[in-house]
Amino acid sequence: MKSLIKNVRAIDPAVSLDQVCDVLIEDGVIKEVGQSLTCDDAEILDRRGHVLIPGLVDAHVHLRDPGLEYKETIATGTKAAAHGGFTGVCSMPNTKPTTDNAAVIDYVLESAEKAHYCRVYPSGACTVGLKGEALAEIGSMVEHGAVAFTDDGRGVQSAGMMRRVMDYVKMFDKVVMSHCQDESLVGAGQVNEGVASTRLGLAGWPAAGEEIQIQRDIALSELTDCPIHIQHLTTRRGIELVQEGKKRGIKVTCEVTPHHLILCEDDIDSSYNTNLKMNPPLRTKDDNQALIDAVKDGTVDCIVTDHAPHALHEKSREFELAPFGMTGIETSLGCVLTYLVRPGHIDYNRMVELMAINPRTILRVPQVRIEPGSVADLTIFNPEEKWTVTEDDMCSKSKNSGFLGYSLVGKATDAMVGGTLTMKEGKVIG
Amino acid sequence: MFNHKHLLTIDDLSREDIMCVLEHAQMFEEVNNRPIKKLPTLRGKTICNLFLEPSTRTRGSFELAEKRLSCDSLNAGGSASSTVKGESLIDTVKTLTSMKVDMFIVRHKYAGTPALVAQNTTASVIDAGDGKHEHPTQALLDLYTIWKAKGSFDGLKVGIVGDIAHSRVAGSLVPALKKMGAEVTLIAPATLLPARPDVLGADRVTPHFDEVLPDLDVVYMLRIQMERIEEAPFPSLREYNLLYGLTEARDKSMKEDAIICHPGPINRGVELDSYMADSSRSVIVDQVFSGVCVRMALIYLLLGGAQNEVSHKKCASN
Amino acid sequence: MNDDNQQESVVMDEGEIQRTLVRIAHQILEHNKGCENLCLVGIVTRGDVLAKHLASIIEEIEGVKPEVGSLDISFYRDDAVINLAPIVQGTNILFSLDGKTVVLVDDVLYTGRTIRAALDALMDFGRPSRIQLAVLVDRGHRELPIRADFVGKNVPSASNESVRLYLKEIDDESAVKISKVKPGQRVGSAPVKRGR
């Protein structure tokens with residue numbers, strides 16, 4: 001099967017590419033990048049005015065499968081990923097049963113292969129049942145394809161246990177991804193502790209509850225020499241801690257989400273919109289600015305969505321009873337283009353680093369380059385397409401987006417995984 | 001012009017709206033002092049008291065207010081309710097709405113519930129206390145009581161003492177007092193303060209009761225909720241009483257005409273000594289009476305207020 | 001807010017109002033054989049002023065001033081919910097009605113609904129031995145079986161006209177005026193100006 005993408009602006013900072021050209025794909029790999037290419041038996045995709053980049057990877061996605069299929073399945077979650085322009089996602093292990101053994105890793109990989117919308121790089125749990133008590137079978141999960149380890153959703157509470165996890169994971173040259181939340185400080189926290197918690201009469205989720213564990217995990221990384229990846233970082237101080245760690249040569253990386261970059265606690269008004277209930281919570285405007293600055297200066301390694309689907313009946317209820325999280329994989333690219341690229345905070349090169357190159361580096365999965373010989377995992381987007389975020393335009397089984405009603409500029413039009421189109425002209429294939 | 005459908009937060013009301021409520025409460029006070037304490041005004045209107053957490057005084061106050069206005073009331077919630085059987089609150093509200101309820105009085109232990117109810121019904125909604133968020137009718141009855149005792153709010157020095165962090169009463173009362181021109185001091189141990197007391201609008205926050213007590217015109221004692229003791233925000237009830245209790249010893253340092261308020265129920269010997277609770281300074285019983293008058297006024301204004309333009313013109317000409 | 005640009009005609013001027021009140025006072029006294037056990041209750045916002053005038057006139061005649069109260073019938077209106085009038089003036093009856101002869105005083109008698117509400121309201125205050133009705137103007141168009149005992153003046157009117165009393169104490173002038181009702185305009189008492 002051959003495809004020929006014509007007249008597209010191809011951008012890949014890894015090979016210093018930024019030019020309007022044609023790209024020929026054959027047998028799942030890029031065959032040729034050049035001007036005025038022709039091929040008689042290839043599917044021609046004329047993408048004038050569009051941008052071609054290495055396939056986007058989201059390193060933080062809750063596919064909810066197995067066990068919570070009413071929220072999302074591997075099929076619907078990966079379909080949503082393709083719709084958002086992603087060619088790979090890293091799935092989180094807080095499934096039912098927990099992804100803490102090789103059998104569940106196998107299940108995730110097989111289901112993803114069957115659905116065939118995008119690659120799934122599964123992460124496994126650090127501890128059995130995410131309980132923070134006993135090491136999960138990390139070695140066997142690695143053998144079956146787990147790319148990283150995390151107790152996302154809760155975090156490992158005891159420093160001693162976290163140290164054991166990191167010592168152990170280090171042996172397999174994998175990364176530990178840390179959800180930083182000190183439960184004794186956070187308790188029943190619902191929203192950022194400060195203006196929002198006071199105004200809304202909700203229990204506060206203090207910034208320190210996150211920062212303490214960022215500090216701890218960086219220290220443990222220094223102690224164990226295990227690479228640590230700080231998940232969904234939200235505060236100015238958190239950024240400073242990562243900066244310091246990097247300066248000291250510690251193997252620390254971090255991620256931020258579009259919602260923590262764009263939304264803040266002030267957006268949660270007296271209507272108590274549960275789609276804005278997030279863990280960690282939306283912080284302050286000042287934190288938004290600190291995160292944007294850190295995205296610009298390189299402190300932030302990647303942008304992820306923490307795509308967290310929840311059924312309507314779970315979100316349509318009392319704020320304090322609604323679960324944390326929002327979907328994001330279908331709005332991520334649009335948000336980054338609208339709020340980071342358009343205002344000039346970052347350019348396309350930096351965006352590709354944040355959303356395609358660095359996620360692969362952190363997850364230790366093969367890179368994709370726009371050059372002959374590379375696997376053809378590619379994303380094409382129209383940078384000028386104006387669209388409004390609506391429930392009807394979502395492939396995810398759940399519609400709990402905090403960006404519903406937002407007008408965005410820039411949208412993925414095509415995605416290709418291993419040379420096969422998973423989305424064409426905005427429509428997911430299959 | 002009082003043009004509101006719901007009362008979900010005290011922020012919804014302007015200073016003029018609040019005065020309108022207080023003036024109407026005065027009319028209803030006259031009714032409540034009659035031998036026949038009943039008006040035919042809202043005959044045929046149905047009000048659902050949706051009390052999803054235990055409440056004796058607020059619920060009783062609302063029920064009396066409804067009955068004295070000739071409303072039909074329906075009590076939902078409590079241990080026999082369908083929410084206990086696992087029905088979602090939204091389904092409960094939709095079910096009751098389809099029975100043609102005109103107003104919901106909502107009490108719940110979760111903040112924002114009245115807003116959620118309002119989003120899912122065509123009826124009016126009054127917040128009768130939501131979690132740690134607000135309790136606007138309590139604030140209005142407090143204002144009414146203070147207004148009657150003091151005549152005006154301008155420059156009035158009000159101290160609110162106790163568990164501000166978990167108090168929905170403070171959540172409504174502080175902004176309400178500020179709106180009316182009073183000066184508000186919050187007096188509490190740091191462990192019982194919200195993260196940002198300034199957001200509520202307080203002029204001053206202090207842990208030192210005795211430093212500010214002599215300046216206060218109104219001393220508003222909040223209830224210490226015994227279920228909070230487990231979280232150990234202070235060492236013991238004894239120490240709390242020592243530092244923040246309104247004791248007989250503190251009577252001497254109070255202004256001669258200072259009054260004492262408390263939203264009830266009182267923990268005698270903890271935040272308030274019996275001597276003080278029963279003293280001539282105490283307006284705690286008046287607060288309870290004000291509750292019925294103010295709630296009658298609110299139901300009257302909300303159930304009729306937004307529906308007829310002519311009536312609003314007339315109100316505006318007041 | 002007054003209908004300044006309306007075609008208005010004066011049907012009673014200040015002098016005529018005063019003379020009429022004197023006559024009504026005499027009629028009340030004659031009918032009740034003096035003012036023993038008599039009290040006056042005026043319906044706000046103009047009936048109460050008329051009631052005070054009547055009481056003063058009675059005092060001049062008899063040397064005794066009957067008790068006077070004011071009654072706000074807002075909470076008793078049969079249209080309270082659809083036509084809520086939140087400008088409640090308040091009721092002020094500081095004496096017992098039990099066993100009294102109550103003369104209910106209103107400015108303009110029209111459909112009779114106000115009087116119906118006033119009768120209900122009075123009953124909630126006690127048990128008068130009898131209630132009589134005095135009005136300055138009867139403009140007809142009754143919707144209920146209600147008739148005044150003392151009428152100042154009968155003013156035939158069309159239902160698209162409004163007949164309103166203005167009083168010095170409230171409106172800076174005293175007169176009864178008749179005018180065409182604009183579409184959508186409220187029929188009934190003249191609105192009270194701001195600041196009163």
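## Domains of chain B

How many residues of domain 1 of chain B are in contact with how many residues of domain 2 of chain B? In this predicted model, 24 residues of domain 1 of chain B are in contact with 21 residues of domain 2 of chain B. On the side of domain 1 that touches domain 2, the elements giving two or more residues are α1 (15-32), β4 (124-130) and α12 (284-305) of chain B. The largest share, seven residues, is supplied by α12(B). Sorted by class, this side of domain 1 of chain B holds 11 nonpolar, five polar and eight charged residues.

Domain 1 of chain B covers 10-134 + 289-311, while domain 2 of chain B covers 136-287. The centres of the two domains, taken over C-alpha atoms, are separated by 26 Å.

## Contact between chains A and B

Contact between these chains involves 20 residues of chain A and 23 residues of chain B. Helix α6 (residues 195-200) of chain A gives the most to the side of chain A that touches chain B, namely five residues. That side of chain A consists of six nonpolar, nine polar and five charged residues.

## Strand pairing in chain C

Strand β8 (residues 175-180) of chain C is joined to strand β1 (residues 8-12) of chain C by four bridges, and the two strands run antiparallel. Within this chain, C:Glu8 has C:Ser179 of β8(C) as its bridge partner.

Strand β8(C) also pairs with strand β7 (residues 161-166) of chain C, in the antiparallel sense and over six bridges. Here C:Glu161 has C:Lys180 of β8(C) as its bridge partner.

Notes: Residues numbered from 1 in each chain as written. Chains lettered and ligands numbered in written order. Predicted model: local features only at pLDDT ≥ 70, side-chain atom pairs only at ≥ 80, totals over all residues. Contact = placed C-beta atoms within 7 Å. Nonpolar A, V, L, I, M, F, W, Y, C, P; charged D, E, K, R; others polar. Domains from an automatic or database assignment. Pairing = 2+ DSSP bridges.
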